[in-house]
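Here's a quick briefing to read alongside the structure. Have the viewer open and follow along.

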Amino acid sequence: MSANVTGQAKPEILVYGPAKPTIIDPLRERFTLRMVETSHDIDRLSRSVAEQIHGMAVTGLVPVESDLLSHCPKLEIIASFGVGYDHVDLGYAREHGIIVTNTPVVLTEETADAAIGLLICTAREFIKADRFVRSGEWLKKPYPLTRGTLRDRTVGIVGMGRIGRAIARRLEAMRVPVVYHSRRPVEDVPYRYFGSLIDMARAVDVLIVMTPGGLHTMKLIDAEIFSALGPNGILINLSRGSVIDEAALVAALRNKTIMAAGLDVFANEPHVPEELRAMDNVVLLPHIGSASVHTRAAMDHLVVENLRAWFAGKPPLTPVPETPFKGR
Ligand code: 8YV
């Protein structure tokens, strides 16, 4: 640790990812900061500096892999931005007693709003209709009636965590029936549970995917699920691109195995397959589920507060369940 003007030790924090003043400025008051934006910059950190790192602020979806973590033998805590943390090597963290925190709760309502917005835009073709007005087409003819509607549809939510529930609440208010699939039934939700994803896909005509990324859910939504969803089917994904077999999705949309898709996340962001970009029955967003100034500020604040709490000798505020934290 380095000393500040009053001679007190200031813990050293590695700020890894996009340089955000909303994270850096408040951290600077209490910590000595080392900054790297991408994993390639890590090699530029001298060994002696890396060895003094006690905490890490991960400011975006950058890979936090064992290679990087092994540079920092004194690391105690990784405070990661975002509710998803599949970009963090949890196995390494657990093995080395490193706490991992994320930023849940503060983005729940924003992300649920985005899911509903994306669903409506996809079903009712609002983006395509906007292009119709801008291009002057409306002067020639009215916009055709949409085949897609939320009426007479049942939505199957994949993943009934906080965001899944917030989406379900909104759909209830819209009088759209909801069912769900998750690894286990969730207590105190009134919606029908499907233990089998494929059975649920057969029973519904919309899937909203809101389950964590990572190995457990890799390509969970594949060609079989698309066939089960059927020709009126709409897929909405705001979780992680890895949860969808993207090649199977392209084929399902091309062959009309399903009707449409609304996607906020992709397998290899920011690269979106050319086939998807060329399709009319797809709405594409640049991973903006939580991306308002309001909500991103709350997420950034939580990254900072987790580090402040930890280095003040308190428990972390939002440790992930896999974290080795056993109480302080
Ligand atoms: C962020 C997210 O957009 O919280 C998450 O898991 O995917 C989003 O809220 C993401 O972390 C991008 O930086």
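Which residues of α5 are buried? They are T108, T111, A112, A115, I116, L118, L119, C121, T122 and A123, where buried means under 20% relative accessible area (1.4 Å probe, protein chains only). Keep in mind that this is a predicted model: local features need pLDDT of at least 70, side-chain atom pairs count only at pLDDT 80 or more, and totals for chains, interfaces and linings use all residues. Numbering starts from 1 along each chain as its sequence is written, and side-chain values use heavy atoms, with hydrogens and water left out.

**Helix α5**
- Helices are DSSP runs of H or I with at least four residues, strands are runs of E with at least two, and both are numbered from the N terminus.
- The buried residues of α5 pack against several elements, including α6 (126–134) and α7 (162–173); contact means heavy atoms within 4.5 Å.

- An open sheet of 7 strands runs in the order β10-β9-β8-β11-β12-β13-β14, with parallel pairing; two strands pair if DSSP finds at least two bridges between them.
- β10 (192–194) and β14 are the edge strands with a single partner each, so one side of each has no neighbour in the sheet.
- β11 and β12 pair over 4 bridges, and I208 has I236 in β12 as its bridge partner.

Note on methods. Buried means under 20% relative accessible area, exposed over 50%, partly exposed in between (1.4 Å probe, protein chains only).
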